[in-house]
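Me: I would like to learn how to read helix packing, sheets and single residues in a structure, taking one feature at a time. Could we work through an example together?

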Amino acid sequence: MRKASYGTIYAFMVILLLVTLFVSVRIGAVGLSYPKIIGIIAKQVGLPYSSSFSNIEEQVFLQIRLPRVILGAFVGAALSVSGALMQSLFRNPIVEPGLVGTSSGAALGAAFVFVMGKSIAGPYVDSLGPFLLPIFAFAGGFLSTMVVYRLSNIFGKTNVNTMILAGIAMNAMANGGTGFFSYIARDPQARSITFWNLGTLSGADWHGVVLVGSSTIIGVLLSLRFSKALNALMLGEEEAGYLGFRTERLKRRVILVNTFLVAIATSLVGVIAFVGLIVPHMLRLFRSSDNRFLIIGSSLLGAILLNLADLVARILVSPSEFPIGIITAFVGAPVFLFMLISNSRKMQKGGFYA
Amino acid sequence: MLEVRKIHYSIGGNKIIDGVSTTFGTGGFHVIVGPNGSGKSTFLKIFSGELRPTAGEVMYDGIDVCSMKKDALARIRSVMSQNPELHFPLCVYDIVMMGRYPHFGMVHTSHDDEVCRMAMDQAGVSLFADRDYLTLSGGEQQRVQFARTLAQIWDPIIGKNRYVFLDEAVSHLDLKYQHQVLSLARGLTSQEVTVIAILHDINLAINYADRILFLKKGKVSYDVQEKSQIKGEIIRDVFDIDAKVIDSGMAGRPVIVF
């Protein structure tokens with residue numbers, strides 16, 4: 001059977017993404033009908049509209065629902081692309097930002113700001129506020145990723161056992177740190193840390209959309225520039241070197257871009273695990289491991305899946321809502337276990353994860 | 001011409017390469033043989049520019065390899081390693097296309113497609129083009145890697161010499177393909193490509209080489225330019241095994257028996 005062309009797949013995913021977005025904006029604690037949504041949009045862009053909607057409905061749509069859905073799409077794209085990057089870097093399909101410590105490191109950085117923000121930034125906390133969080137999240141995520149990468153990559157070979165163990169250790173340490181901050185925190189801060197550690201899109205606003213949107217677009221474009229080198233890296237570091245790529249510099253840059261993508265997203269929506277694992281895996285099964293395809297495909301499919309997960313999070317216990325991180329963990333962890341098992345089978349057949 | 005001058009390489013106090021100086025003439029088929037741990041692969045990594053020697057120089061046509069840009073180097077020399085490991089499903093064609101990566105930016109041209117097809121034809125892997133690399137046998141994988149190596153230095157570049165390095169490139173191949181791959185490599189020398197191969201099979205080396213370098217404990221212990229110079233004593237000294245040279249009956253092709 002002839003495989004579908006990349007163009008067809010992208011087109012299909014774009015349509016699916018639009019449909020998903022369109023469905024998601026309607027559903028939530030306050031249900032909105034399509035005529036109302038169209039009316040609100042028409043009013044915003046200055047076109048005539050016939051449907052009637054209340055002021056509250058308009059505010060819900062414009063200030064809550066729409067930014068949330070768009071933020072979800074960007075976060076899903078960022079996390080999935082980051083998963084694809086990490087998998088190529090570690091040359092292992094069972095890596096994702098949540099496993100190698102990027103997310104929990106970023107979470108620790110953010111928890112630090114939540115609790116200590118006032119004391120470190122003093123009177124400037126309000127003006128620095130929007131930037132303080134992403135910066136600290138980035139620093140935390142970068143540090144823990146570097147530690148795990150260094151530990152698991154001794155002698156140029158990625159040792160997956162070391163990687164998973166180092167990831168567990170880094171995650172434990174970062175979670176301990178986050179726990180410490182929530183312990184010394186005053187109650188509302190602690191509550192926001194807890195909820196945020198499970199991941200949620202409920203805090204979405206336009207400020208977040210702009211921040212994560214720009215970081216995601218920049219990150220994905222930068223990642224695309226690495227796609228050729230990452231493909232070569234699949235053959236091994238030496239091979240990539242023989243093909244003319246400067247592997248050491250490449251690895252540093254990939255970790256930086258990856259941390260940038262994950263940390264900014266995490267600083268706003270919390271820890272959402274396993275999206276970065278599942279999305280590239282699906283694309284590989286579906287078509288190819290070519291990184292150009294994985295990066296473009298991951299940003300589309302990641303946006304779709306995270307929006308669906310958020311939709312479930314809103315429907316499940318409506319009118320209240322569920323942390324999205326719980327949903328992705330329930331779906332993602334079994335997939336991860338399945339991949340781990342099939343990988344260890346390969347290993348027994350004299351495979352490669354030595 | 002590839003020239004190495006007084007190369008030393010040591011790691012953790014162990015001398016791997018201990019003062020090797022030699023020249024690889026343009027258009028020659030040079031074979032390096034030696035026992036395990038004699039430093040063959042390290043030597044290849046050094047003169048291919050992937051590893052920096054502790055001391056000494058590697059000169060490509062008079063230019064120090066350290067001063068060359070990696071991507072420029074990749075357009076004139078390709079390397080086939082022992083066994084690259086792939087952990088992801090990828091089709092054969094995509095892998096051969098990697099050989100063209102040094103030659104295009106984001107999108108490959110129709111010329112790159114053409115080169116890949118011709119290289120795959122030569123390596124006998126055209127039938128596998130759409131197959132997943134991971135489903136191929138070891139020998140088939142090696143031929144795919146060879147096609148990639150060919151594709152990388154396919155086009156002559158004006159004013160530059162091209163080099164192909166093979167690190168045990170035929171170890172997984174059956175008799176027919178061993179000879180096919182080495183014949184193809186041999187054919188490259190007529191286009192002024194310099195081929196340097198590490199081989200384990202001394203008789204294959206005698207068949208194809210213009211010259212054989214015997215490496216032992218990080219040093220060149222023999223540099224044999226004429227096949228008639230190969231003696232049982234050399235084999236005994238380098239490999240520590242009794243060997244006899246007999247005449248195969250084919251002109252100028254002695255055979256080593258053990």
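This is a predicted model: local features need pLDDT of at least 70, side-chain atom pairs count only at pLDDT 80 or more; totals for chains, interfaces and linings use all residues.

Me: How should I read two packed helices, and at what angle do helix H1 (residues 6–24) of chain A and H12(A) pack?

Reply: Two packed helices are described by the angle between their axes and by the distance between those axes. Here H1(A) and H12(A) pack at an angle of about 20 degrees, with their axes 10 Å apart. The two helices are therefore roughly parallel to each other, since angles under 35 degrees count as such. The crossing of H1(A) with H12(A) is left-handed.

Me: Which residues of H1(A) and H12(A) meet?

Reply: From H1(A) the contact includes Tyr6(A), Ile9(A), Met13(A) and Leu17(A), and from H12(A) it includes Phe293(A), Ile296(A), Leu300(A) and Arg314(A).

Me: What is the angle between helix H3 (residues 55–89) of chain A and helix H12 (residues 291–316) of chain A?

Reply: Those two helices, H3(A) and H12(A), pack at about 135 degrees, and their axes are 7 Å apart. That angle makes H3(A) oblique to H12(A). The crossing of H3(A) and H12(A) is right-handed, and the residues of their contact divide into 11 nonpolar, 9 polar and 4 charged.

Me: Turning to chain B, what is the order of the strands in the open sheet of 6 strands?

Reply: Strands of a sheet pair through backbone hydrogen bonds, in either a parallel or an antiparallel sense. In chain B the order is S6-S7-S8-S3-S9-S10, and the pairing is mixed. Strand S6 (77–80) and strand S10 (219–224) of chain B stand at the edges with a single partner strand each, so one side of each has no neighbour in the sheet. Neighbouring strands of this sheet are turned by 15 degrees against each other on average, direction ignored.

Me: In which sense do strand S9 (residues 211–216) of chain B and S10(B) pair, and which helices pack on the sheet?

Reply: S9(B) and S10(B) pair in the antiparallel sense over 5 bridges, and Lys216(B) stands opposite Lys219(B) in S10(B). Helix H5 (residues 138–152) of chain B packs on the sheet, where it touches S6 and strand S7 (162–167) of chain B, and its direction makes about 175 degrees with that of S6(B). Helix H8 (residues 232–239) of chain B also packs on the sheet, touching strand S3 (29–33), S9 and S10 of chain B, with its direction at about 35 degrees to that of S9(B).

Me: How many residues lie between S11(B) and S12(B) in their hairpin?

Reply: There are 6 residues between these strands, and Gly249(B) in the turn has a positive phi of about 90 degrees. The pairing of S11(B) and S12(B) is antiparallel over 4 bridges, with Val255(B) in S12(B) as the bridge partner of Ile246(B).

Me: Finally, is Lys40(B) buried or exposed?

Reply: Lys40(B) lies in helix H1 (residues 40–47) of chain B, and it counts as buried because its relative accessibility is 6%, where the cut-off for buried is under 20%. Among the residues that Lys40(B) touches are Glu168(B), His200(B) and Leu215(B). By comparison, Leu151(A) in helix H5 (residues 125–152) of chain A counts as partly exposed at 43% relative accessibility, and Leu151(A) touches Thr162(A) and Ala166(A), not counting residues up to four places away in sequence.

Key. Residues are numbered from 1 along each chain as its sequence is written. Chains are lettered from A and ligands numbered from 1 in the order in which they are written. Side-chain values use heavy atoms; hydrogens and water are left out. Buried means under 20% relative accessible area, exposed over 50%, partly exposed in between (1.4 Å probe, protein chains only). Contact means heavy atoms within 4.5 Å. Axes are lines fitted to C-alpha atoms, for helices over the stretch in contact, and angles run from 0 to 180 degrees between N-to-C directions. Angles under 35 degrees count as roughly parallel, over 145 as roughly antiparallel, 65 to 115 as roughly perpendicular and the rest as oblique. A crossing is left-handed if the near helix is turned anticlockwise from the far one by less than a right angle, and right-handed if clockwise. Ala, Val, Leu, Ile, Met, Phe, Trp, Tyr, Cys and Pro count as nonpolar, Asp, Glu, Lys and Arg as charged, and the others, Gly among them, as polar. Two strands pair if DSSP finds at least two bridges between them.
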